[in-house]
Amino acid sequence: MRAWLALCLLLIGCVAQAAPPQRIAVIDWGIAETLLGLGVTPIAVAQTEGYRRWVGTPALPEDVVDLGLRIEPNLELLSQLKPDLILITPQFAASRAQLERIAPVQSLAIYSREAEGYVGAQQVTRELAALLEREAEGEALIERIDARLLQVRQRLSQYPLPAFYIATFLDARHVRLFGKQSLYQGVLDRVGLRNAWQGPTNYWGFTQAGIERLAEQPQAALIYLEPLPPGTAQGLADSALWQRLPMVREQRVYGLPPVWSFNGLLAAERFAGLLEQRLSKEYGHD
Amino acid sequence: MTESVARLPLGPRQGFNASPFWLCALLLLGVAALVINDLTLRLPGTPWLQALWQPDEGDIRQLVVHYSWLPRLCMAALCGATLALAGTVMQQVLRNPLASPTTLGVASGAQLALVVATLWAPGLLLIGREWVAMAGGGAAALLVFSLAWKRGLAPLTLILAGLVVSLYLSALNTSLMLIQQQDMNAVFIWGSGSLSQNSWNGVDFLLPRLGLGLLLLLPLLRPLGLLELDDNGAKSLGVPLQFLRFSSLTLAVFLSACVVSVVGVIGFIGLAAPALVRLLGARTLRARLIWAPTLGALLLCVTDLSIQYLAGSLAELIPTGAATALLGAPLLLWLLPRLQLSGGQPRGESAAAPLRYPRPTLRLLQLGAVLLASLLLALAIGKGLEGWQWQLSDLQLLDWRLPRVTAAAAAGLMLAIAGTLIQRLTGNPMASPEVLGISAGAALGLIAVLFLLPYSGLPAQLALGGLGALLTLLLLLGMSRRSGFAAERVLLIGIAISAFFDALQVIILAGGDPRGQNLLSWLSGSTYFVTAQTAFGVLLCAALLLLAALPCARWLELLPLGDSSAKALGVHLGKSRFYLLLLAALLTAGATLVVGPLSFIGLLAPHLARLLGLTRALPQLLGAALLGATVMVLADWLGRNLLFPIQLPAGLLASLVGGAYFMLCLRKR
């Protein structure tokens, strides 16, 4: 009971404080990435190893504490760390009630039904900047990335480009195709590329399909994000249909280094940069 | 082919209207209609035969038909036939209409092998996924055989071993998937059975293996037919039982491993096709061996073509294997009242009763002391920022731990009692609360919450989960009232409901929706979301239901003796069964809402109590309750600390720890 009272006092103290929160714990990788982009280092992030492996940049400092799985961040550990703000996304709302016993919780949604992924990412950057009283840094980040995408657009508009499927391989028979609502769609729209996949997508902006669906737009090219799951390259080499797809025969298949598909503005910037680099190499010399 | 059915001496005479012929003809018409419709859409204005056999290399539509559409159709037929064949052989050998290629742990073994290879030895996948899967499936089946070997591979023991190994391996699978979800998307797809093809390699792989299997089956046909008799009858006719069972089961495992390794888990066909064929009048083994593969092939083709027809309008990829199970469950429910099953005890030897411990009260006191010690351990010791810590005075930590430990203990206790009730009620050591399907019903409710009201909290989850459990319970009671709650029927209905739920879960996981991970965590029995109020509520619930179960001891003593003996001793069968069933359902629902539908405890605790010499009903009930609570508390503690800061769900740990011990016991017997 004493502890409970102390906790309440602590909470009231936090709210009453005028200064922006200093000790921030983050449950979602996209939010962690945006936070780092604003120049703030969280004290703890869930699944730090996964962040380093799948998101990579901006780099997470070594002393950031690992909170365990994102679906079940370790409550005992978190309460020992005494954060003054916990950032989650609606995806992890199930643990919100538990987290609120430790510190104020703020939920930020990059993905929602109302806005497309890129706009959602901008919105989250603004909300986060406001929370941390770093509005200037937030606007600067948004402007920088908008400008960067415009720059990519101008560069790519010089080349005759086909429509592109944006995909990640699940195995040699299945791909995830990114379309409406995805962050990639937002980037494609802004750099002036056409998405070959116009079909329905889920909440996160992708659909899963057999690779025969890639034949539906014979003129299109394919951009896939590495890494290829183990055995996939071998499987594709043995696949009769894959070898006969126009995009494969005519060598319009481009692999890009890993980008975490469900992240925010910085992931969008990285993706646009990789697109620019690769496509101007492929189409620039003609 | 129908003539051969009629001519065989053992088969009852069947008219055309009772043979599987008409169903197969109907399905064949369906396949033809779907094929014509599909090809018209895919190849407008092109000669079909040319596209099918010699496609124009310049026309991508023809190429897709030749390298994707046609091999997929062939693959569906091949897989359906192979699985149905394997299922028929297994049902014959195990004398159990519920046996299927997944019963021996082949599917979960293969899946685990793939998961392990993906994570730690991706080089192996370069040699070939199918070989990795086959090795895993074969190893799992060998484990099952070795567990049942000492009992001469008796049907009941074998199925029990298969079930335990399956549960154990899927628990391992689930924990790996929880920790490393990003790498596992391919395994999810594979686990749900996608027939999608893009070359003829799959067909080339499967066809010769099916041929080989059929060839090897021929010399086994006659002795297998004699297995219709009981063990002594077959032995007196000179059938080498052990060798026959081992070789024919090995063959069936080989066939299912081939399918599983190429397209993944398509479980239901292997169960449904042989059962349907038997029901439609193919009584002899030979007739079933002809009709079941035919029906299996057609069933899978129709399902797969319909899915392709529908998939165009759906965003998510629907894996065929999961869809067959989704369609299959209602079919099984429809079949049940029509399926002729021998009531009472399954044939074959019943499990040998362990020695009774002379002083049950002392044993119960010992178990109580163990429970107290584990409660203390779970509350006081844990990892924190500075490593291991002994802290009983830190109220804040206790605030976190007490609800979890309480809920774990209460849930374990409820599952254990439910398990004891169901096992005594059905006289079947395979039975557990999970089999009743109540936990699956509750889980369906939670899935609805996750996807329809995605941002709602615990109260909505509890409410809808409870509603799901209640509806399942009503369905169960309604459907089994007509048969007077005959033990096997109740189990079958429960299995059908669980199958439906499994399919749905698999589709959701394979859809790649990141929310699936929330579901996975809850499904594996986590106490993470338990609040103080919930914990208190569950504890109260457990105490009340325990009190309600105690007066049933006499029924529980008499019911396992068989229907007639129990009746002669003055037990009202319908009434007592209804009451026990209701009690077990409530216990299961209460536990499921807290720790998810995984209920190895319900299977394990009653067995452990018996092994400790608590053989009579009341001591077994109490002993199981104490054991269930102890195991769950320890599992929760281990889960919180083993991979700190990552927390593994208690239900998962319980099945990992409990399952290993259970397998040891099974082997020693």
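A: pLDDT is the predictor's confidence in each residue, from 0 to 100, and contact means heavy atoms within 4.5 Å. This is a predicted model, so local features need pLDDT of at least 70 and side-chain atom pairs count only at pLDDT 80 or more, while totals for chains, interfaces and linings use all residues. Residues are numbered from 1 along each chain as its sequence is written, chains are lettered from A and ligands numbered from 1 in the order in which they are written, and side-chain values use heavy atoms, with hydrogens and water left out.

Q: Where does pLDDT stay under 50 in chain B?
A: Over residues 1–17 of chain B, for which the model has 20 contacts beyond four places in sequence. Residues 342–351 of chain B also stay under 50, with 14 such contacts. Where pLDDT is low, the predicted coordinates should not be read in detail.

Q: And what's the mean pLDDT of chain B?
A: It's 79, and 82% of the residues in chain B reach 70 or more. The model scores ipTM 0.78 and pTM 0.78.

Q: OK, sheets. What's the order of the strands in the mixed one in chain A?
A: β8-β7-β6-β9-β10, five strands in an open sheet. Strands (E, at least two residues) and helices (H or I, at least four) are DSSP runs, numbered from the N terminus, and two strands pair if DSSP finds at least two bridges between them.

Q: Why do β8 and β10 of chain A each have one side without a neighbour?
A: Because β8 (206–210) and β10 (253–256) of chain A stand at the edges of that sheet, each with a single partner strand.

Q: How many bridges join β9(A) to β10(A)?
A: Four, and the two strands run parallel. Tyr224(A) has Gly255(A) as its bridge partner in β10(A).

Q: Switching to helices: is α8 of chain A mostly covered or open?
A: Mostly covered: seven of the nine residues in α8 (183–191) of chain A are buried, meaning under 20% relative accessible area with a 1.4 Å probe, protein chains only (exposed is over 50%, partly exposed in between). Among them are Leu183(A), Tyr184(A) and Val191(A).

Q: What do those buried residues pack against?
A: α6 (117–131), α7 (135–156), β6, β7 (174–178), β9 and α12 of chain A. Just after α8(A), Gly192(A) takes a positive phi of about 80°.

Q: Last one: which strands make up the parallel sheet?
A: β3-β2-β1-β4-β5 of chain A, in that order, forming an open sheet.
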